[in-house]
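Morning, everyone. Please bring up the structure and keep the sequence beside it.

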Amino acid sequence: MDIKQLYKIYQEHPVITTDSRDCPEGSIFVALKGENFNGNTFAVSALQKGCSTAIIDEPTVIMPSGEAVSFDDNGTATISLEDGRKGTLILVSDTLQTFKDLAREHRRQFNIPVIGVTGTNGKTTTKELIAAVLSQKFNVLYTQGNFNNDVGVPKTLFRLTKDHEIAVIEMGASHPGDIKTLAETAEPTCGLITNVGRAHLQGFGSFEGVVKTKCELYDFLRTRQDSLVIINADNEILMDQISDDDSFWVTSYSTNKEYQTACITGEIIACDPFLKFRWREPLMVLEEEGRSLKWHKIQTHLIGSYNIDNMLAAIAVGINFGVDRKKICDALENYVPSNNRSQMTVTEHNHLVVDAYNANPTSMKAAIDNFKLMEVSPKMAIIGKMGELGDVAQEEHQRVVDMLAEAHFDKVWLVGDEFTDTDRSMLDARLFHDVEELKAAIKEQQPCGYYILIKGSNSNRLFELPELL
C-alpha cells in the first residue's frame, strides 16, 4: 500500500495515536518501537480499545484466540473484534518511516509558510518567541514543548488544519542526518539555526559533526524555490555556510553596530536581572523607504543577555512575514517563560534563576557568565552534570569547575558523579551524587536570601528544586 492510499485512510479517520493506552474511537494506531517497547505487540489491543486501523511492521500477529493473522497481497488484514466490530491491520516495512511519510503527505495539503527552527541552544525559546510574534497576525501552528524529534515533528504536523496560516516547527538533533530527516518530513520554506555549540558530542562525534548536521537545514532549503534563511550575522560559523550563489533569500540580524546598514540590529540596555534591549531595522531599508531611524525598546521577562539573539531572530521572522512593528514589540514584552528556560522565580526564601531544562558546554558558559554579571547578592549556583559528551565529558566538566572558581559565587553546589574527578582545589563547593542527596541537604540547611542559579541537564531533575527553595 503506497502512502497516498494510506493517506486516504487517514482522511477517513483523521486521528493518529502511537500510545495503545490512548485509542480514540475510529483512530489509527501506529506501532512504533523503542528501546523498551514494541508497539506491534499492542496492535490488536489498540483495535479492541477503539482504533479502526493499526499500522504495523512485523507480520506475525496472534489473536487472543491463538489464531495467526493472514495478510493479503496488499499487506492488509481485516480481523473480527470482541465487540463485533471489524479492525484493519496494515503491514508496512517500517512504521516510523511510514509515520513520517504520512505526516509529510498531510503537510503537503497546506500551501502555507513553514518555519524550521534548530540550533544547539535557544531553539525552544526562539520557537516560542517566533510563535508569539506571528500570532499577532496569523493563526499559528507551532511545536508544543520540545516535540522536536522524528516522532514529535510528525505529531506536530498532524495537528495542521485548514485554519492554520503558518507553522513553526522545532527540530532537534543528536546524530548526523537527524535534521536532514526532519526537514524532509516537515518541508520548511524558511529556516533558522540559532547557533552551533558543543552538545551531543557522543552522538555527533565532533563539533564539526554538529555544524554539518545543523546546516542540513540550509541544504534542504537550497532545494526549494523562494525559500528564506534567517541568520545571525555575528555567528561566523553559520555565515561561512552560506554564499552569494545560494538560491534562498537571506535576512540577517546582529548586535554589532558595524552591520547595522544591512542587518536588523539590537543593543542591550540593561540586564538587571531581566533583559531590556532596543532594536531597529537595517539602515538601508529605512533610508530607501524614507522612514526615520527609530529604535524600538523592549523590556522582557527573560533572564540572560544571551536571549537578545533569540529576540532578534523572532523580530526578523516577524518583519519578513509582515507583522506590525509595535505588535512585534508587544508580543515580546508580554512573553513570559514557563518551561524552566531563562526563568526567574521568586519564592518565600530566594530568587531563583531557573535554566534546568537542558545543559551543554555552550549554554552552561552562557548561564554562568550571565549570572556573574548580574548585580545582585549573595549568589549561589546549583550546577548539574551535562550529558552525552562522550570522551570529552571530564574535560568539559573541568571547564565548568574552572568557570565557577573564577566567578567567585558565595556558594556552589555540584550535582552528579561527573564532577567527582575534577580538580576543585580552587573552588569551595559541595558535591552531591544526585538530586535526592541535594534535596536532603536543602531540608537540613535551607538556603535563604540568595539569588540562585539552577542549571543542568534535564536528567538531573533539578526542575524539582524550586518548590524546595
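First, a term: two strands pair if DSSP finds at least two bridges between them. Helices (H or I, at least four residues) and strands (E, at least two) are DSSP runs, numbered from the N terminus.

Ground rules next. This is a predicted model, where local features need pLDDT of at least 70, side-chain atom pairs count only at pLDDT 80 or more, and totals for chains, interfaces and linings use all residues. Residues are numbered from 1 along each chain as its sequence is written, and side-chain values use heavy atoms, with hydrogens and water left out.

Now the strands. Strand 10, residues 228–232, runs parallel to strand 11, with five bridges joining them. Look at Ile 231: its bridge partner in strand 11 is Ser 252.

Strand 11 covers residues 249–254, and it pairs with strand 12, residues 264–271. The sense is parallel, over two bridges. Ser 254 has Thr 265 of strand 12 as its bridge partner.

In which sense do strand 12 and strand 13 pair, parallel or antiparallel? Antiparallel, over six bridges, with strand 13 at residues 274–280. The two strands form a hairpin, with two residues between them. Cys 271 stands opposite Leu 275 of strand 13. One general point: in a regular strand, side chains alternate between the two faces of the sheet.

On to helix 3, residues 95–107. Its 13 residues reach 18 Å from first C-alpha to last, close to the 18 Å expected. Expected span means 1.5 Å times one less than the number of residues. At the N-terminal end, Asp 94 is the cap: a side-chain oxygen lies 3.0 Å from the backbone nitrogen of Leu 96.

Last, helix 12, residues 307–320. It has 14 residues and reaches 20 Å, close to the 20 Å expected. Here 12 of the 14 residues are buried, so helix 12 is largely enclosed by the rest of the structure. The buried set includes Met 311, Leu 312, Ile 315 and Val 317, plus Asn 307 and Asn 310. Just after helix 12, Gly 322 takes a positive phi of about 75°.

Definitions and conventions:
A polar contact is a pair of N or O atoms within 3.5 Å; within protein, one must be able to donate a hydrogen and the other to accept it, and residues adjacent in sequence count only if both atoms are side-chain atoms. Buried means under 20% relative accessible area, exposed over 50%, partly exposed in between (1.4 Å probe, protein chains only).
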